[in-house]
Amino acid sequence: MKTVLLTGASGFLGQFLATELVRNAYKVIGISRQAMQAEAGAPITWLQADLSESDSLQDFDLLDSLAAVDIIIHAAALYDFAAQPEAYHKHNVIAMGNLLHLAQSLPRQPYFCLISSIAVAGKREGFFSEDISLGCQALPDAYAASKFAAEQMLRRAGLPRASVIRLGILLGSSRDGYIPKIDGPYYFQKMIRELRSARRVLEGVGMLPLPFGEHSVQHVLPVDHAAEVITQLLPPAMKYAGLRVYHLVGAERGISIRKILSVMLKFYGIQLVPLALAPRLLPAALMRRLGIPPEVRSYLENNICFDTSHLREDLPDYQAPAFESYAETILSYAENKLFRQGH
């Protein structure tokens with residue numbers, strides 16, 4: 001049984017990932033800044049440490065507890081549009097450096113897997129290869145810059161075996177829709193549900209102007225699917241020397257934002273056709289009034305295809321889930337558990 005050190009184990013993705021790892025016979029050690037109470041018979045062992053504080057990770061008792069670690073999965077990250085650049089640097093960059101130092105201190109030279117984001121592709125368009133050399137793309141925000149910096153640190157660390165898994169936008173679980181907060185496409189769902197009272201007037205027009213690019217796509221996937229694939233990738237990925245990059249984005253070419261909006265409109269019984277309004281032309285104040293953080297504007301105007309050759313080479317039977325197969329589940333959860341309860 002291999003032992004996995006999982007950072008971010010108490011977070012959204014981390015919870016699903018910990019469950020999936022245990023299901024696949026891994027022993028899981030979770031690190032959290034807050035003291036976590038392990039339930040009786042729970043399959044995960046908790047350690048308390050702050051990744052952004054180097055002294056916290058060099059505690060002798062902590063190092064002893066991690067001596068048998070075979071794999072490190074770094075899934076912890078700050079992702080909050082209200083956060084300042086300094087906070088992103090602390091939690092996504094400094095923490096990465098401290099964790100790399102820890103990895104180099106452990107006796108088994110553990111395999112290192114960084115959970116990154118397709119945000120590192122920046123404002124590129126067209127085909128984005130898993131082997132592409134990063135460094136000249138324009139990054140849209142401090143979050144993307146911090147994830148890019150973390151990837152570069154891993155490249156320079158020269159670990160014998162490592163991987164980067166760049167995730168698309170995580171949606172709720174395809175099984176029950178669970179997601180802890182409104183984010184990403186859910187901002188549009190909240191906006192659309194609030195238009196229900198004006199449905200008859202709007203349907204007389206026939207179209208609904210919304211901030212998105214006419215040919216823009218989103219790369220979305222349910223969180224439980226992401227956890228399953230990350231776990232499945234570990235055995236084949238660990239066979240490679242050096243660094244290997246994977247794109248885990250659902251469909252390679254993404255799904256059009258127009259289609260996502262059409263599914264949401266249908267969910268609420270609104271017979272309207274989405275009309276694209278270029279987000280870059282809309283004032284920040286108007287975006288906020290619509291309930292959409294202005295910071296997401298750059299993610300609403302992109303047409304990029306993410307290469308998944310490495311993923312399909314190592315998981316030949318991989319199938320990306322169709323958005324329609326789980327859309328009603330995630331939209332229903334948001335409607336019943338988030339919006340109606342005032343989240």
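Strands are DSSP runs of E with at least two residues, numbered from the N terminus. The model discussed here is predicted.

Q: Where does serine 117 lie?
A: Serine 117 belongs to strand 5, which covers residues 111–117.

Q: Why is serine 117 called buried?
A: Buried means under 20% relative accessible area. Serine 117 has a relative accessibility of 9%, so it counts as buried.

Q: Which residues is serine 117 in contact with, leaving aside its neighbours within four places in sequence?
A: Contact means heavy atoms within 4.5 Å. With those neighbours left aside, Tyr143, Lys147, Glu151, Arg166 and Leu167 are in contact with serine 117.

Q: How many residues apart in sequence are serine 117 and leucine 248, and what is their C-alpha to C-alpha separation in space?
A: In sequence, 131 residues separate serine 117 and leucine 248, while in space they are 9.1 Å apart, C-alpha to C-alpha.

Q: What makes a set of residues a nonpolar core?
A: The residues must be buried, of a type such as Ala, Val, Leu or Ile, and joined through side-chain atoms within 4.5 Å. The largest such core here has 73 residues, and Ile73 and Leu248 have the most contacts inside it. Helix 12 (residues 323–339) gives the most to this core, with 9 residues. A second, separate core has 30 residues, including Ala76, Val93, Leu100 and Ala103.

Q: Which residues are in contact with isoleucine 73, apart from its neighbours within four places in sequence?
A: Isoleucine 73 is in contact with Val4, Leu5, Leu6, Thr7, Leu17, Leu21, Cys113, Ile115 and Leu234.

Q: Why are helix 1 and helix 8 called oblique to each other?
A: The axes of helix 1 (residues 12–23) and helix 8 (residues 223–237) cross at roughly 50° and come within 9 Å. Angles under 35 degrees count as roughly parallel, and 65 to 115 as roughly perpendicular. Helix 1 and helix 8 are therefore oblique to each other. The crossing of helix 1 past helix 8 is right-handed. Among the residues that make the contact are Phe12, Phe16 and Leu17 of helix 1 and Ala227, Ile230 and Leu234 of helix 8. By class, this contact has 10 nonpolar, 1 polar and 3 charged residues.

Q: Why is helix 6 described as largely enclosed by the rest of the structure?
A: Of the 8 residues in helix 6 (residues 186–193), 7 are buried, so the helix is largely enclosed. Tyr186, Phe188 and Met191 are among the buried ones. The buried residues of helix 6 pack against strand 8, strand 9, helix 9 and helix 12.

Definitions and conventions: Residues numbered from 1 in each chain as written. Predicted model: local features only at pLDDT ≥ 70, side-chain atom pairs only at ≥ 80, totals over all residues. Heavy atoms only, no water. Buried < 20%, exposed > 50% of the residue type's maximum accessible area, 1.4 Å probe, protein only. Helix = DSSP H or I, 4+ residues; strand = E, 2+ residues; numbered from the N terminus. Axes fitted to C-alpha atoms, helices over the stretch in contact; angles between N-to-C directions. Parallel < 35°, antiparallel > 145°, perpendicular 65-115°, else oblique. Left-handed = near helix turned anticlockwise from the far one by under 90°. Nonpolar A, V, L, I, M, F, W, Y, C, P; charged D, E, K, R; others polar.
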